[in-house]
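Visitor: I would like to learn how to read disulfides in a model. Could you show me the chain and take me through them?

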Amino acid sequence: ARTAFGLRVSFDWYSYARVILPDAYAGAVCGLCGNANGDAGDDFLTPIGQRAPDETQLGDSWKVGEVPGCSAGCVGDCPACDEEQKKLYRGDAYCGVIARVGGPFKACHPVVDPVPFLEDCAFDACHYKGHRDTLCKAVAAYVTECQIRGVAVEQWRTPTFCGPSCPPHSHYELCGSSCPATCGRRGDLADCAASLCVEGCFCDAGFVLSGDECVRAGECGCQHGDRYYKKGEEFFSSCRERCLCKATGVVECQEVFCGAHEECRVEEGVLGCYPAGYGRLVVSGDPHYVTFDGRAFDLLGSCTYVLARVCKGEPRLANFSVLLEHDVGGRGNVALMKKVVVAVHGYTVSMERGRMWEVDGERHTLPLVTKDKKLRVGQEGNNIVLQAAAGLRLLYNVATYLLVTIPDAYRGRVCGLGGNYNGDPSDDFQLPGGSIARTTKDFVTSWKVPAEGGACSDGCDGQACATCDADDAAAYGASCGIIRDPTGPFGLCHPRVSPVEYFNHCLHDVCAAEGAPEVLCHSLQAYTTACQAAGAEVGAWRTTTFC
């Protein structure tokens, strides 16, 4: 993006952002990038002009808003890489190419110090265990910095090291134009004539950019109002009019009305018909379930279960299923969420405790957006958030809390452990055949998925059962009491998410685990996530010695 007064901002949608300012702004700006006065020693200033003692406090001081699950620094199970582990990734097989003497970037070394980029690359590669995409993005960041300084670099990608992969009708160039021809701009602009080259994928001859795709000039989309739309793209020009971008830039509109369970509003800057309401299914702790219609029960098994799926399909509703795998372990043999598997829009997404996620069996870094834009997986603080075009949304803190949200259009059309979402909790314990289960165990067992890797348990037996009587549980009232303390860190959340159930769940889980500190932390984390998912503010409750 460029402005008339010389500001230039670019972002690679992944890990590299840069801002270029005219010299006239030296000393007149502020923020995480400093004041641009030529003195790096005074860059760590907060909005009130005080020097921040470290990066975490500097970043926190310039925070512009609250994001659910966001924290000023890493909390809980923080990933760590020591110097010995990073040593491997500084080598030639990984990040070493950045600083290699006589390597492809040798001309840039006197201009841009490679050491900070090498260290950043080793840090990222180590935390992602050498994940190639992460590694290549880190090396590419140095290439970009060299090129914007006007330094020519040599070819560094090979078929076996960060080999380039470009979309259809495009090709890789080490030094291409930073102002490529687009459907909205065919010729070179005056301010692009002397622009520096950039590395990346560029459209083949005879093709131009239409959004993020290369198309033939005759296949360009439409300009409507102040926005560009791809050919074949539908959009709302008003709440009563939906338009289609057709060939040769023609826009065809017709009167429409939102469907049942929908309302017209703007979401993420886009006008359209969106669900009027949503149903919420919650799984937390040991694990405790609350169905879409609000019926609560506990599940003691260690198998994989159908959490929710579409059982009464309709052509306009996208099919989906959510499976949840449990395991049993730790003190008190408590059951814990291990893995969530979501199937929707033709994709299968796996999210597992230990911060692993896969799409169709392939490991990815986040954020992830599929090519058809129907599936988005991102991270908000400690939570992984999956959003499907169908309106299905999952928030999973990869430990103790899972929230599944579905639009009202699915009322009465789903089944599984989450119930049928028809507004009546009394008939939530339906078996796959539609009849009502006689017991909770019968209901849970009926939604079990056959185990692939061996046997699993539908419940607990004898000594394996996590038990805790009232007297034992009372001993942990003080520890769990922080949840329901109206003057404590969760006090502002109480009107939005009742603390009663979460307090009782905390008592049960901590008592069954014989007071294990990590279980108390997980219980508090579950309530924290529930509060933040509801948009409530939560005060600081973790300290250097507690959780």
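Visitor: How many disulfides are there, and by what rule?

Guide: A disulfide is a covalent bond between the sulfur atoms of two cysteines. The rule used here takes a pair of cysteine sulfur atoms within 2.5 Å. By that rule the count comes to 15 disulfides.

Visitor: What should I know about the source of the coordinates?

Guide: This is a predicted model: local features need pLDDT of at least 70, side-chain atom pairs count only at pLDDT 80 or more, and totals for chains, interfaces and linings use all residues. Residues are numbered from 1 along each chain as its sequence is written, and side-chain values use heavy atoms, with hydrogens and water left out.

Visitor: What average pLDDT does the chain have?

Guide: pLDDT is the predictor's confidence in each residue, from 0 to 100. The chain averages 85. A score of at least 70 is reached by 89% of the residues.

Visitor: Which elements have the lowest and the highest mean pLDDT?

Guide: Elements here are DSSP runs numbered from the N terminus: helices (H or I, at least four residues) and strands (E, at least two). Strand 21 (residues 356-359) has the lowest mean, 64. Strand 28 (residues 414-415) has the highest, 95.

Visitor: Take C108 and C146. What does the disulfide link?

Guide: The S to S distance for C108 and C146 is 2.0 Å. The torsion about the S-S bond is -100°, and the link is left-handed. The pair joins distant parts of the chain, 38 residues apart. C108 sits in the loop between helix 2 (83-89) and helix 3 (114-127), while C146 belongs to helix 4 (residues 132-148).

Visitor: Are C108 and C146 buried or exposed?

Guide: Buried means under 20% relative accessible area, exposed over 50%, partly exposed in between (1.4 Å probe, protein chains only). Both C108 and C146 are buried.

Visitor: Where do C480 and C506 lie?

Guide: Their sulfur atoms are 2.1 Å apart in a disulfide. The torsion is about -75°, so the link of C480 and C506 is left-handed. C480 is in helix 7 (residues 477-480) and C506 in helix 8 (residues 499-512), 26 residues apart. Both cysteines, C480 and C506, are buried.

Visitor: Why does C258 count as partly exposed?

Guide: Because its relative accessibility is 25%. C258 forms a disulfide with C273, sulfur atoms 2.0 Å apart. This link of C258 and C273 is left-handed, with -85° about the S-S bond.
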